[in-house]
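This report looks at charged side-chain pairs and at one packing of helices. Please look through the sequence and the model before reading on.

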Amino acid sequence: MKKILVPCDFSEISENALDYAIELTKYFSGSLVLLHIAQIPVMNPEFGMTGYAYPDMVHDGEESLKHLAHRIQRDNPLITNIECHSEMGIASDTVLDYTNKHNVDLIVMGISGHGSNFMKALFGSTAVTISKKAAIPVIIVPPEYKFQKIQNIAYACDYDKRIENNTSLIQVKYLNTLLGANLQVLHVIPEGHELNLEESKIDCYVEEKLENAMHKTYIIAEKSVSEGLLMFIENHDIDMVIVEPKKHSFFYKLFHESVTNQMAFFSPVPVLTIHG
């Protein structure tokens, strides 16, 4: 995790996510990349197009980032490398394009509308969109959440046979070792459900792959995956939860919900997304 990207729009939510990223950068002795994206103005047929100059917007954004970088280095002398980039475009597309071209290891973002079903349903979130499409890990930081040493990580592990052929467990094990944390592996099943033979085999496979990692495994019976995860987080000392966004996962087929969306909007702790 040597290169951490933080999209910056200078809002309180963005500033809070940046504070979290700063602490991670110091922990990993890495470099910080600040990316400002100027939104392309949309023309209103009634009032016409608002005048703007592309070079000016990009330049102003970069100058603001440089002032921000100076403040960060003044207050955090351990961070010696901060890059500043300003571009114009659609936020999610620009972030994804930048990470693909510049060898970024991790994206840290805030999320607007946290705790609101209305905002989740109506607008969704740029952070969620990026987390579902990015090839690298993404950390979504709840508003006002303050960084603390990551000692306990919860990993939402489903009974999907594809786990035997992807890198999910390798990534979880690597991240857990990198952070020096304890790992809690969470399987959420429907109430009254008994594990079948295939699910039991997957359970054994997960345990075998994680046998050298400090971990505990929990099977939670709940009607909703996200409710089970959120309840566990609230009742245990969890500092971060790892989820794996999937288009048609076992979670989705069984519970008909997007676990990534639910966790991103309602988790009290940062959500880290990976792709196997």
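A residue counts as buried when its relative accessible area is under 20%, as exposed when that area is over 50%, and as partly exposed in between. By this scale Asp97, with a relative accessible area of 35%, is partly exposed, whereas Lys101, at 58%, is exposed. The structure is a predicted model, and a search of the whole of it finds eight salt bridges. Three of these pairs are listed here.

| Salt bridge | N to O distance | Relative accessible area |
|---|---|---|
| Lys3 and Glu83 | 3.6 Å | Lys3 16%, Glu83 23% |
| Glu63 and Lys66 | 3.8 Å | Glu63 31%, Lys66 43% |
| Asp97 and Lys101 | 3.3 Å | Asp97 35%, Lys101 58% |

The salt bridge of Lys3 with Glu83 links distant parts of the chain, since Lys3 belongs to strand β1 (residues 3-7) and Glu83 to strand β3 (residues 82-88), 80 residues apart. Lys3 counts as buried, while Glu83 is partly exposed. Glu63 and Lys66, by contrast, both lie in helix α2 (residues 54-75), three residues apart, about one turn of the helix. Asp97 and Lys101 are four residues apart in helix α3, and so are separated by about one helical turn.

Helix α3 (residues 91-101) also packs against helix α5 (residues 126-133) at an angle of about 35 degrees, the axes being 9 Å apart, and the crossing is right-handed. On the α3 side the contact is made by Ala91, Ser92, Val95 and Leu96, and on the α5 side by Thr126, Thr129, Ile130 and Lys133; of these residues, four are nonpolar, three polar and one charged.

Key. Residues numbered from 1 in each chain as written. Predicted model: local features only at pLDDT ≥ 70, side-chain atom pairs only at ≥ 80, totals over all residues. Heavy atoms only, no water. Axes fitted to C-alpha atoms, helices over the stretch in contact; angles between N-to-C directions. Helix = DSSP H or I, 4+ residues; strand = E, 2+ residues; numbered from the N terminus. Left-handed = near helix turned anticlockwise from the far one by under 90°. Contact = heavy atoms within 4.5 Å. Nonpolar A, V, L, I, M, F, W, Y, C, P; charged D, E, K, R; others polar. Salt bridge = Lys/Arg side-chain N within 4 Å of Asp/Glu carboxyl O. Buried < 20%, exposed > 50% of the residue type's maximum accessible area, 1.4 Å probe, protein only.
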